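These are my notebook entries on a two-chain model.

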Amino acid sequence: MVENDRWGMLLAHLVLILGVAVVVFPVYVAIIASTHAPGTFLQGVMPLLPGSHGWENYRTIIFEGRSNAGAPPIGSMLWNSFVMAMMIAVGKIAISLLSAFAIVYFRFPGRIFFFWIIFVTLMLPVEVRIVPTYQVVANLHMLNTYAGLSIPLIASATATFLFRQFFMTVPEEMLEAARVDGAGPWKFFKDILVPLSVTNIAAMFVIMFIYGWNQYLWPLLITTDDSYYTIVMGIQRMVTGADSEPLWHLVMATVVLAALPPILVILFMQRLFVKGLTETEK
Amino acid sequence: MARIVMEALSKVYPGGVQAVSDVSLDIADGEMIVLVGPSGCGKSTLLRMVAGLERISSGTLSIGDRVVNDLEPAQRDIAMVFQNYALYPHMTVYNNLAYGLRNQGIARPEIDRRVQEAAGMLQIADYLDRKPRALSGGQRQRVAMGRALVREPAAFLFDEPLSNLDAKLRVQMRVEIRQLQKRLGTTSLYVTHDQLEALTMADRLVVLNGGRIEQVGTPMELYHRPETVFVAGFIGSPAMNMIDMAYLRDRGAAPGTLPTGTDLLGVRPDDLRLGDGDGLVLSGTVALLEPAGAESHVYVALDGSGQVVTVRVPGLPDVTEGGVLTLSAPLSALHPFNSASGRRVQ
């Protein structure tokens, strides 16, 4: 440690403050921008103090949207995003828990093979498989549905892998004690494994919720009905409004609102989240 | 309460490793049997076979006149105490004790009665609302015991339950477990690698080596009349001295009246005396004097071979390191063995 080195301290703080500034400044600009009148940005000068049109701008996007430009009021888009993110987070966790349970605790033929199959999908992000996936979803008539929005994104190697690693650290004797106590596989899973994984589940939930919330390309592809638009693609809709200048003040207001739910999720689950990533309770 | 009968039990792992071979043992109702042996001798495997955590490759196991080879652990009417306790970390002590009973579908008031009773017996009644994390090692050990007690099983199985405790607590818990077992009169199978624990707790002791039973008997039988070189060396501390007959013959010191076939002579450190006498007489120089309070251990390097024998004497003997010494032991204290068969010569 550089306890007594005054200049070292100063330098460290300077670097940290600079880092914070770089991250925070764009957010600040977005918030400021969302409070100005329509014309402000087109003058080419970026205001750094709040304007007086805040209420007005937010009221516009929440209650009116820009219906003529293909952007509905954002309430329904926020709701769609929320549903999609929840379905993805909950679905991923449920499936990953079960598949990790199967891989770690059951000896079945092809166990290693299936593990590697799951593992290999790590190398295939949505963008790589997007065309065939679209084909499948279209054939299953899941375009413009919540199912179509979320199911293709649910299968997840990351979460399966994380839970597998965690399950492998649970002492063998825990399983044996449960067997002596008369707990079958399902009871063991439900009564012991899942409660032990709570912090991991919370961490996974935060990560997956944000992953789902931030999906852009996939919802853009498969939704054509504006009652299924999500907020992140809604931002893009706002920018490319029909033959008019981008209404930056409204775009920024939407951005601010779109960023809010993930922040809330992190704030509420922060304690569990950090715990899940750093310690295991055994 | 039940009798446990093992008939020719064997365990072969898929790789072909024979962990337990042909073990037959008849455990009487209420008996405390201690399985002891060095690590890897198959004692834990044998216990786990009785528990139902390891499949039995061949042989028959019955608990209380019921063949249980293919029954799940929970159906065998046994309770097990694990080495690292294996308490459920997310459950309170109360729920740890009650979990197995709930799975059996026992009524709530009955569960409560049994948990309170066990908690009283083990003095953990004050901790019932705590999680295992908030308990000390000794308290966790008690909870693990409690989890076994509440089931009121036909047999207790202990898998090195004291090895995670410090020395003082280990002695205390050893006494408590033994008292509890005697009071309840429950058949028990106890695995340990600590021979002192084995000697003090057992009604009968089973010494295992390489997956086979070396000898079965009361602690005193095993101590005074070990049937194999292995048991002789394993039971008793400090370990029995083994002296080669060829060495004794070369020096003209072979005791005359030994059974034919004897080529290895065992003598306990306690049975060796400082000074000349009848029977076996040895001479050497003192390599090290080790005072241990009430007794002392003298390590003597024998003349000619340099082999170090241990002598246990009360108090602090009047010897100096490097000094020359004569040792003797009466004929009756000698254990004749044959090194080829590894067995006692009759």
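**Entry 1: domains of chain A**

I began with the contact between the two domains of chain A: 19 residues of domain 1 of chain A are in contact with 18 residues of domain 2 of chain A, where contact means that the C-beta atoms, placed from the backbone, lie within 7 Å. On the domain 1 side, helix 1 (6-33) and helix 2 (54-64) of chain A are the elements that give two or more residues. Helix 2 of chain A gives the most to that side, with seven residues. I sorted the residues of that side of domain 1 by class and found eleven nonpolar, six polar and two charged. Here Ala, Val, Leu, Ile, Met, Phe, Trp, Tyr, Cys and Pro count as nonpolar, Asp, Glu, Lys and Arg as charged, and the others, Gly among them, as polar.

I note that the model is predicted: local features need pLDDT of at least 70 and side-chain atom pairs count only at pLDDT 80 or more, while totals for chains, interfaces and linings use all residues. Residues are numbered from 1 along each chain as its sequence is written, and chains are lettered from A and ligands numbered from 1 in the order in which they are written.

Domain 1 of chain A spans 2-66 and domain 2 spans 69-278; such bounds come from an automatic or database domain assignment. The centres of the two domains, taken over C-alpha atoms, are 30 Å apart.

**Entry 2: chain A as a whole**

I counted 13 helices and zero strands in chain A; helices (H or I, at least four residues) and strands (E, at least two) are DSSP runs, numbered from the N terminus. The radius of gyration of chain A is 24 Å, well over the 19 Å that the globule rule gives for 282 residues, so chain A is more spread out than a compact globule. That radius is taken over C-alpha atoms, and the rule is 2.2 Å times the number of residues to the power 0.38. Along the principal axes, the C-alpha atoms of chain A fill a box of roughly 75 × 70 × 30 Å.

I found 32% of the 282 residues in chain A buried. A residue is buried if 20 or more other C-beta atoms, placed from the backbone, lie within 10 Å of its own, exposed if 12 or fewer, and partly exposed in between.

**Entry 3: the sheet of chain B**

I traced an open sheet of six strands in chain B, with the order 6-7-8-3-9-10 and mixed pairing; two strands pair if DSSP finds at least two bridges between them. Strand 6 and strand 10 (212-217) of chain B are the edge strands.

I then examined strand 3 (residues 32-36) of chain B, in which five of five residues are buried. Met32(B), Val34(B) and Val36(B) are buried on one side, and Ile33(B) and Leu35(B) on the other. Strand 3 of chain B pairs in the parallel sense with strand 8 (residues 187-192) over five bridges, with Val191(B) as the bridge partner of Leu35(B). Strand 3 of chain B also pairs in the parallel sense with strand 9 (residues 204-209), over four bridges, and Val36(B) has Val207(B) as its partner there.

**Entry 4: chain B against chain A**

I recorded 17 residues of chain B in contact with 16 residues of chain A. Strand 6 (78-81) and helix 2 (93-103) of chain B each supply at least two residues of the chain B side.
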